[in-house]
Amino acid sequence: MPGNSGRGQAGPGGRAGAAGRGTVGFRELRLAESGPGSARAGSPGSEEEAGSEVLSHCSSASEGASPAEEGPGSEAASEQGQEEEAEDRLKEHMDNLLDKSAKTRQAALQSLRLALSSKTLSEFLLERRLTLTDSLEKCLKKGKGDEQALAGTVLTLLCLQMGSGPEGEEVFRSLKPLLVSVLTDSMASPSARQSCAMALGMCCYIAAADLEDLISCLSCLEGVFSPPSTGEAGSAPAQHGPLHCSALQSWSLLLTICPPSHLRSILDNRWLQLPPLLSSSSVALRILAGETIALVFELAQDLEEDLCHQDTELLCAQLKVLATESNKYRAKTDRRKQRSIFRDILRFIESGEYQEETIRFGLECMYLDSWARQRTYQAFKEVLGSGIRHHLQNNELLREIFGLGPPLVLDAAALKASKVSRFEKHLYNSAAFKARTKARSRVRDKRADVL
């Protein structure tokens, strides 16, 4: 198969491979251990269409031109004109972030979110990052609810576009105190706090250069999702479910780049705060807590640490209940999803087996063969939505993290050959459906022997 598999190949600069298992880069410390200085979105189709509206606009002049009149020169001029027009629109959206109308500011933030998630714009943003950072800071300080939430998402995307160099670190350091302030403010909007939790974890993962930044972010996020006491996890207000999910996801993402010394302190006793979250009324939080527990066990194996504890047997019993739960008061889709994921979690904890997943994008594919790699992928997918495939193909930061190497350079003929017609897709899906049905029928047949 053409393309790279991305099984944790170390990238340049020592910052790659944080998502790979069993390699130097898997949890390789990008931060100096001696102290300072030393990883499931809405509608993919609608987001892609909206993103293309923001970034592309065909001129009426080119529409009226005949094929005979068009040549290589006119095609290049047309592309340059479209690119300039797209940049003008982005500049306009950035100017609108300072508008007096909250509605105008939110519309501008939404347009920027779609643009940054669907295209790589690092060169355009490089010389405008300070202006955009200042505008986002004002939105976070003076805005309310949805505006703050959108500003947090755009900030994450800006940091992702800037990468792990000095520019990304500058963006992170300038807005980190404000993100922590909104996240820990109990009077702030839940959606704003949720977005800031995601932004804090992602920006720290991408751009933090000091160990102190990493530890302070871990501590802040831990304070959000940790239950006040062992028996109160299920009694948390229902509206805090999404907030706790974002904080736990960011916390577990940062665990994958934790230095061994700090990771051991977490493995010693602090991981025991996770099992109470399995009793949460939120199915998303229960699943995320289970995946984080599996991640902790995986990290312990890599460090050759033993997590055997007097509560481990109780934990396995709790996981078995969740893997077989059939309570009617829970939604059918929730029960099915929960059982499937907790079966994988229980299998990993008991036998160390992980069910590998393949992600295909363009002519390449990538393997998610560990909980750390899966957590990293899910975190970026949460932010980028349907743009995750474009960024995996073209964003140097993501390709470095997943060990995919430099972006592939393909000519028009290779791109055309890689495209599959709708009829071929239909035939492939029909054959796959038939094979899957036959395989499942043998398992589901009530007349099959049960050993």
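## Strand pair

Arg360 has Cys365 in β2 as its bridge partner. The model is predicted: local features need pLDDT of at least 70, side-chain atom pairs count only at pLDDT 80 or more, and totals for chains, interfaces and linings use all residues. Residues are numbered from 1 along each chain as its sequence is written, and side-chain values use heavy atoms, with hydrogens and water left out.

Strand β1 (residues 357-361) runs antiparallel to β2, with 5 bridges. Pairing requires at least two DSSP bridges between two strands. Strands are DSSP runs of E, at least two residues long; helices are runs of H or I, at least four residues; both are numbered from the N terminus. β1 and β2 make a hairpin with 2 residues between them. Gly362, in the turn, has a positive phi of about 60°.

## Burial of β2

How many residues of strand β2 (residues 364-368) are buried? The count is 5 of the 5, so the strand is largely enclosed by the rest of the structure. Buried means under 20% relative accessible area, exposed over 50%, and partly exposed in between (1.4 Å probe, protein chains only).

In a regular strand, side chains alternate between the two faces of the sheet. Both faces of β2 are covered. Glu364, Met366 and Leu368 are buried on one side, Cys365 and Tyr367 on the other.

## Nonpolar core

The largest nonpolar core has 113 residues. Phe380 and Leu392 touch the most other members. Domain 1 (87-225 + 241-258) and domain 2 (272-355) both contribute residues, so this core lies between them. The domain bounds come from an automatic or database domain assignment. A nonpolar core is a set of buried Ala, Val, Leu, Ile, Met, Phe, Trp, Tyr and Cys residues joined through side-chain atoms within 4.5 Å.

## Salt bridges

There are 12 salt bridges in the structure. Each puts a side-chain nitrogen of Lys or Arg within 4 Å of a carboxyl oxygen of Asp or Glu. Asp213 and Lys176 form one, at 3.1 Å, N to O. This pair links distant parts of the chain, 37 residues apart: Asp213 sits in helix α10 (residues 211-225), Lys176 in helix α8 (residues 166-183). Both residues are buried. They also belong to a salt-bridge network with Glu169, Arg173 and Asp210.

Lys320 pairs with Glu350, the closest N and O atoms being 3.8 Å apart. Lys320 is in helix α14 (residues 312-323) and Glu350 in helix α15 (residues 332-351), so the bridge ties together parts 30 residues apart in sequence. Lys320 is partly exposed at 43%, and Glu350 is partly exposed at 48%.
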